[in-house]
Amino acid sequence: MENIERVCKFLDNTGTYYLATVEGDQPRVRPFGTVAVFEGKLYIQTGKIKPVSKQLQANPKAEICAFADGTWLRVAGKLIRDDRIEAKKYMLDQYPSLQAMYSAEDDNTEVLYFEDATATFSSFTAAPRTVNF
Ligand SMILES: Cc1cc2nc3c(=O)[nH]c(=O)nc-3n(C[C@H](O)[C@H](O)[C@H](O)COP(=O)(O)O)c2cc1C
């Protein structure tokens, strides 16, 4: 399995991860769940009307944290908006429950992919393992 797929699988398996952004000098963090690999990149989904989206447009630096089975994962990098319909459609196809709220053609749906990402798996019992994508 490729590194990026390991990261995606870990996030998918935890069900909930926490996405941190910055707003000026104030960190912001919230629970997120959407994640998928599309065209070799790690994508998440949100809505353009949300503060998280506005924060990422002002400053794309972001970090994700998730924890499961004694291991925690942090993914740090930039989240870049992809406005292509096919990318939005792919993400919504992974999450049928979101299709009541979002569609690939609406003005709100936003998908973003990680650029210059460093993902680190850590635990109390093993040395950290870092992958880049
Ligand atoms: C378990 C869980 C998963 C969530 N997943 C997402 C998600 O993938 N995308 C999203 O936009 N909001 C998701 N939300 C909702 C956001 O956490 C919520 O809209 C939050 O307020 C967004 O942050 P903001 O208010 O700073 O914009 C999720 C909420 C929960 C409880």
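Glu39 counts as exposed, at 54% relative accessibility; exposed means over 50% relative accessible area, buried under 20%, and partly exposed in between, with a 1.4 Å probe and protein chains only. The model is a predicted one, in which local features need pLDDT of at least 70 and side-chain atom pairs count only at pLDDT 80 or more, while totals for chains, interfaces and linings use all residues. Residues are numbered from 1 along each chain as its sequence is written, and side-chain values use heavy atoms, with hydrogens and water left out.

**Positive phi**

Glu39 sits in the loop between β3 (36–38) and β4. Helices (H or I, at least four residues) and strands (E, at least two) are DSSP runs, numbered from the N terminus. The phi of Glu39 is positive, near 50°, in a residue other than glycine. Most residues other than glycine have a negative phi. Asp116 also has a positive phi, near 50°; this residue lies in strand β7 and is exposed, with a relative accessible area of 55%. A glycine with positive phi is Gly15, near 85°, which follows α1.

**Helices**

Helix α1 (residues 3–14) has twelve residues and spans 17 Å from its first C-alpha to its last, close to the expected 16 Å. The expected span is 1.5 Å times one less than the number of residues. Ile4, Val7, Cys8, Phe10 and Leu11 are the buried residues of α1. They lie on the same side of α1 because they cover an arc of only 160° around the axis, the arc being that of the directions from the helix axis to the C-beta atoms. An α-helix has 3.6 residues a turn, so residues three or four places apart point the same way.

Asn3 is also found in α1 and is partly exposed, at 37% relative accessibility. Asn3 and Asn132 are 129 residues apart along the chain, and their C-alpha atoms are separated by 8.0 Å.

In α2, the buried residues are Val52, Ser53, Gln55 and Leu56. These too cover an arc of only 160° around the axis, which puts them on the same side of α2. Pro51 and Ala58 are exposed residues on the face turned away from that buried side. The cover over the buried residues of α2 includes β1, β2 (26–32), β4, β5, β6 and β7.

**Nonpolar cores**

A nonpolar core is a set of buried Ala, Val, Leu, Ile, Met, Phe, Trp, Tyr and Cys residues joined through side-chain atoms within 4.5 Å. The largest one has 31 residues, and Val7, Leu11, Tyr17, Leu19 and Leu42 have the most contacts inside it. Elements giving two or more residues to this core are α1, β1 (17–23), β4 (41–47), α2 (51–58), β5 (61–68), β6 and β7 (109–123). Apart from this core lies another, of seven residues, among them Ala36, Tyr43, Met91 and Tyr113.

Contact means heavy atoms within 4.5 Å. Not counting residues up to four places away in sequence, Leu42 touches residues including Ile4, Val7, Cys8 and Leu11, as well as Phe114 and Phe133.

**Cysteines**

How many disulfides are there? The count is zero, a disulfide being a pair of cysteine sulfur atoms within 2.5 Å. The sulfur of Cys8 is 16 Å from the closest cysteine sulfur, in Cys65, which is too far for a bond. Cys8 is buried, with a relative accessible area of 12%, whereas Cys65 is partly exposed, at 31%.

**Side-chain contacts**

A polar contact is a pair of N or O atoms within 3.5 Å; within protein, one must be able to donate a hydrogen and the other to accept it, and residues adjacent in sequence count only if both atoms are side-chain atoms. The table gives two such pairs.

| Side chains | Distance |
|---|---|
| Arg81 and Glu110 | 2.6 Å |
| Thr120 and Thr130 | 3.3 Å |

Arg81 belongs to strand β6 (residues 71–82) and is partly exposed, with a relative accessible area of 30%. Beyond four places in sequence, its contacts include Lys48, Ser53, Gln57 and Glu110. Thr120 is in strand β7; its contacts, leaving aside neighbours within four places in sequence, are Trp72, Leu73, Arg74, Pro128, Arg129 and Thr130.
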